[in-house]
Amino acid sequence: MSTFPSSTIKDIAESVGIPNLKDDVATSLAQDVEYRIHEIVQEAMKFMRHGKRTKLTVDDINNALRVRNVEPLYGFSSADPTRFRRTTVGSSATGMTELFFVEDEELDFETILSAPLPKVPLDVTYTAHWLAIEGVQPAIPQNPTPIDAKADLFNKRIKLDPSATATQPVIPGIKPGSNGAINNTGNAANSQPNNANSSNGAEIKPLVKHVLSKELQMYYERIVSAVLSQDEVLRATGISSLQNDPGLHQLLPYFVQLVAEKVTQNTRNLPVLESMMAMVRAILDNDNLFVEPYLHQLMPTILTCVVGKRLGESPQEDHWALRSTATDILLLICNKYGASYHTLQPRVTRTLLRAFLDPEKPLTTHYGAILGLTRMGNEVFKTLVVPNLKTYSTIIESELLVDGQDRESSFMEIEGDVASTIRKNEASHCLEALLVGLRSLIRSETEKQKYAAKDVPTAEGLREPLTVAIGPLLARNLLREEATQQNLAGVVAVIETC
Amino acid sequence: MPDSPADGTAAAGTGVNTQPTATTQPAAQQQQAAPAQTPQTQQEVDRIVLNYLNQKGYKQAEIALKREANLLTLEEQAAALAAKDKEAAGAATPAGPPQPTHDKNEMGDPDAYDQAYSSLRRWIENSLDLYKPELMSVLFPLFLHSYLNLVNRGLKEQASKFMASYKSDHLEMHSQDIARLSIITDAQHIKENELAQMYKSNKYNLRMAPVSFELLIAFLQDNKFIVLLRIVNQHVNIQVGAAAAGEDEVIGIAGHGTHQLATFNQQSVALGQMPPDAAFREQVEQTLKEEEALAGGDTIMNGETPASLLEEYKKVKTEAGVDSPSRDDVPLPPFKGSDIQAEIEALRDSRKRVALGPSSLPSICAYTFHNAQENINCVAVSEDATMMAAGFSESYVRLWSLNGEKLRGFRSNFNPAHIHDSNDLNRVKEKKGADSKKLIGHAGPVFGASFSPDNKYLITCSEDKSARLWSTSTLTNLVCYKGHNYPVWDVDFGPQGFYFATASHDRTARLWSCDHIYPLRIFAGHLSDVDVVKFHPNSKYVVTGSSDKTSRLWDVQRGTCVRVFTGHVGAIHAIAMSPDGRMMASAGEDRSIQLWDLGSGKRMKKMTGHQGTIYSLDFSQDGSILVSGSADCTVRAWDVKKEGSQGGAGHRILQDDREGTAAGSANGTVASSPVLAQGHGQGALGAGATAAAMERLNRKGMQAGPLESEDHLATFPTKRTPIYKVQFTKRNLCLAIGAFSGN
């Protein structure tokens, strides 16, 4: 009957050097131990309640021991909750028993002494807010949203009453008479939907283990190895399978997880990144997959591939193509899901713009950002990028110029030379990307103004204002092109936006 | 000797034992024949010798022999018990004749009852809270039958002594029966007395969990309290196991209301307002008159005449009503000028008070502590909401100023000898001050804090067994009150200041005045920790809530308990009294709030809805709305006036049904937890079985808890902030304070 079997007592006795404890002694000791433990826990609970806590702490137990005039337990109090580990003892013959124990780490005094002092804990502060104004809870950040609160309360209710849906109780006093019985069941029927209604919307999802069939598991493994393989054919097959096969929805979370993992682990490995982007593309292209719930997981990885500081082993590698692919995917997502998530595109745009406007960021990041913003459409480019062009062009210009000087003077060492070449390369890529954007913008602006009869100034006449507007570097490059010559009206529009 | 053999046999015969005492039964049955014989003859001899010595008056020898005989009998008592069991089982009764002789010897000792009963009582007193209520319930039948047996034996002196010393245990629950039985002093009376006969001829029904029952029997057997065991066998019917849902259960004797708490709760109480001191009244009126004369011109200019404060004051402070306590009951120090100002200020506040009701709910301002969830044990806010204090588990108290005024303590170096007046005192104060100050002095976690009504003092109590008085102007510790033997859980300043009450783990509450370092009154009676204490608005009473699931109303002047409120099924942690002093609300671990009528001691209604321990309660200033704060991170408002679930009987059944159904198999938990089941019996308020059954129903409904009762007005959830304290200001603004618990 005792919670503490007498065998436990015997074990303990043995551990303190009493080999053969008599059975009756052990039994009566076990009873006493149970009583004592009950007593201590009862007292400790009082301390817990008065501490307005819902978890019993070691300090509570120690306080309880002190109240009972027992030496407190030393060495257990700690800010962190004690973690119990589980193990099983005994052979299969005697039956396995589960055993819980607190892990006792070995600590080295050296490390403790040399460790830096812990941070000073944050000071206790208070804030005041209106929980209710004349009985109405204002919608301020300090108050939970009504939906949250409802769901929260409901969860608690479920926890409290774990078997709410089980058999209904027999109510005395209502039993006699069929009338009463009907009443009873009627009430029961009424009250249960009530209970459910009170949670409206807050759907309770049972914690079901996600079971994957063997076939799916095998398929998953195959696809992963195929997509990551060196073999071009195999990879293409894998991707096309992802793109077209129905019935993959169960694997979707795993794929998404895989992409996220691989991208974060392999930012230096260009082929892997490319495969992953291909995979994302394939997932998005598959009409049978419902990707929406996973977008929040996918976006960061894609953005990494767009504006990552350094992608691939060496800067010389062709990471530009990867950035371009990733930008395409980004755009695809924005177009496909922008309608249902209004904040999606603005958020992406904001991230890119921030990357673009930060001069501290490397040119590779700038390139990705420019690429993204360019492809977002002319309107975005016009309003967000063009006004900043002048400032930005100076950065590129300086990079390009420095290179030239360096080469002439050739004071720099070989490595420096290589580095500067890379930087120059990067800068020219940025420049190219900007020009692409400008060209497209100018073309569209010209289209727009075709019907508006307006004086078209000469190219020479525009040179001056354009230089002022977007900086000499860009102006020079722009006016050099023939296409620009034909679309001077667009150039005017660009100047106007600045 | 009056203890006739017939009595013994008859009793043993009728004592049809329904209880499973007989874990030892089969073995005992076999042993019974052999060992029972020889010692019984030994007993016979002893008895004869004893009688002889008694007649000759050889007292010393008699006692010696008695002791010796007792020792001898120890071994065969078990056998005797087994024999009794065997008889009870309905077997033939060959052991009949020797049985009474043995018992007679045991029972011949007039002190046996006293000794057995008192040690059982002590043992129960020290048992776990978990089992205590169940074990306590067996004390009354044992007490009653011990007394009747003593009387029956003609031991008048012992009987009256026994009655006198243990009567007080049962006065609350069984005052009527005790009054009627204590006049019985003769065996003849017993035969004639209906009540005594009823107790003798009927079995007293009880319900116990298997563990409690085993503990009780083991204790009685280990200590060889054969006298008590006999009573248990003969007169008590203990049903072991959990209460089966739906079974009508009778505690005590069917058809006889054994629980007579209602009678105890009929003691007169004076719940009216404390009449103001005549001189004080005069002064206040005088001041008001002067002020009005000054303001007279203005009001004419404004063109509207607000009702004069003076008239209002006269209306509020009526002469002593019928049930007002006299001022002499609670002597207070003479009033000061600041008291008059405070009184007038209070009057003004009451004028600006927002009218609250079910249709106009209060505004609630929430103060949320950060970085302190594990550490803050209690919070208190001054009545005018200018200061807030929190008690920490790290033994210190922290004081915050809420109105932006800096708290200025003393500089660290000054010579007290140079301080002569308040100007000097101001000079040695810190120049800048701070928004918050730590008050250091306690040597253990601080569990309670309360501001004096004039905001000049703060009283705190701690695990270190002491209470400390702090000055809020000098920010220093003034007095340390030591008296409790165990951690002090709660402290409350009286509504007039000067007095305060503490509640402690030592099962007492104590009344103190600020100028004495020892307690003035000790309120003892609770069976477990006193967790919360609150003054009645008229200062004449104190209400305590305890882990023994009851709350009690104590008369401050007499130091006695005048009301017991039973009905909760968990420890009580929060108590609030309506400002008019007629109602009391209590709540705690069982998540329900119960509203009591202090005058009648009856429960008015029960309010359910909270899903965590309730930490704090407060009435609005007009007493129409009750607000509660709980561990479930919500503040809830309740309609005080609305008829609760205890209205008409039909209504009540419906209500129960609803709650019960919602409970689902929560009943299962009730059934498997015997303590709760027992709580039913303990708490039965009304007399009679129906009331008890109804009560139980309510209880079950409440176990299910979650559904809000009809008088629930609103829930205000917070973001993971358990609410430690709710409090209404004088103008009916509700403050709710808690510590953010993070993720």
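## A:Leu352 and its surroundings

A:Leu352 counts as buried, because 27 C-beta neighbours sit inside 10 Å. (Buried takes 20 or more other C-beta atoms within 10 Å of the residue's own, exposed takes 12 or fewer, and partly exposed is in between, with C-beta atoms placed from the backbone.) This is a predicted model, where local features need pLDDT of at least 70 and side-chain atom pairs count only at pLDDT 80 or more, while totals for chains, interfaces and linings use all residues. Residues are numbered from 1 along each chain as its sequence is written, and chains are lettered from A and ligands numbered from 1 in the order in which they are written.

A:Leu352 belongs to helix 13 (residues 344-357) of chain A. (Helices, H or I with at least four residues, and strands, E with at least two, are DSSP runs numbered from the N terminus.) Setting aside neighbours within four places in sequence, A:Leu352 touches A:Val307, A:Ala369, A:Gly372 and A:Leu373. Contact here means C-beta atoms, placed from the backbone, within 7 Å. There is also A:Val306, 46 residues away along the chain, with its C-alpha atom 9.1 Å from that of A:Leu352.

Look next at A:Gly308, in the loop between helix 11 (295-307) and helix 12 (319-337) of chain A. A:Gly308 is buried, since 20 C-beta neighbours lie inside 10 Å.

For reference, under 35 degrees is roughly parallel, over 145 roughly antiparallel, 65 to 115 roughly perpendicular, and the rest oblique. The crossing of helix 12 and helix 14 of chain A is right-handed. (Right-handed means that the near helix is turned clockwise from the far one by less than a right angle, left-handed that it is turned anticlockwise.) Helix 12 of chain A brings A:Arg323, A:Ser324, A:Thr327, A:Leu330 and A:Leu331 to the contact, and helix 14 of chain A brings A:Tyr367, A:Gly368, A:Leu371, A:Gly372 and A:Arg375. By class, that contact has four nonpolar, four polar and two charged residues. (Ala, Val, Leu, Ile, Met, Phe, Trp, Tyr, Cys and Pro count as nonpolar, Asp, Glu, Lys and Arg as charged, and the others, Gly among them, as polar.)

## Helices 7 and 8 of chain A

Helix 7 (residues 214-228) and helix 8 (residues 232-244) of chain A have axes that come within 7 Å and cross at roughly 130 degrees. That makes this pair oblique, and the crossing is left-handed. From helix 7 of chain A come A:Ile223, A:Ala226 and A:Val227, which meet A:Leu234, A:Arg235, A:Thr237, A:Gly238, A:Ile239, A:Ser241 and A:Leu242 of helix 8 of chain A. The contact of helix 7 with helix 8 of chain A splits into six nonpolar, three polar and one charged.

## Two loop residues with positive phi

A:Lys52 is a residue other than glycine with a positive phi, near 55 degrees. A:Lys52 is in the loop between helix 2 (23-50) and helix 3 (58-67) of chain A, and 24 C-beta neighbours inside 10 Å make it buried.

A:Asn69 has a positive phi too, near 65 degrees. A:Asn69 sits in the loop between helix 3 and strand 1 (84-89) of chain A. With 6 C-beta neighbours inside 10 Å, A:Asn69 counts as exposed.

Chain A has 21 helices and three strands, and 26% of its 498 residues are buried. Chain B has 20 helices and 29 strands, with 48% of its 743 residues buried. Among contacts with a separation of 6 or more, residues 24 or more positions apart account for 62% in chain A and 64% in chain B.

## Inside chain B

Helix 11 (residues 226-235) of chain B has 10 of its 10 residues buried, so it is largely enclosed by the rest of the structure. Among those buried residues are B:Ile226, B:Arg230 and B:His235.

(UniProt positions follow the numbering used here, feature names are shortened, and annotations may be inferred rather than shown by experiment.) In the model, residues 369-403 of chain B are 0% helix and 57% strand, with end C-alpha atoms 17 Å apart. Residues 439-474 of chain B are 0% helix and 56% strand, and their end C-alpha atoms are 11 Å apart.

Technical notes. Two residues are in contact if their C-beta atoms, placed from the backbone, lie within 7 Å. Axes are lines fitted to C-alpha atoms, for helices over the stretch in contact, and angles run from 0 to 180 degrees between N-to-C directions.
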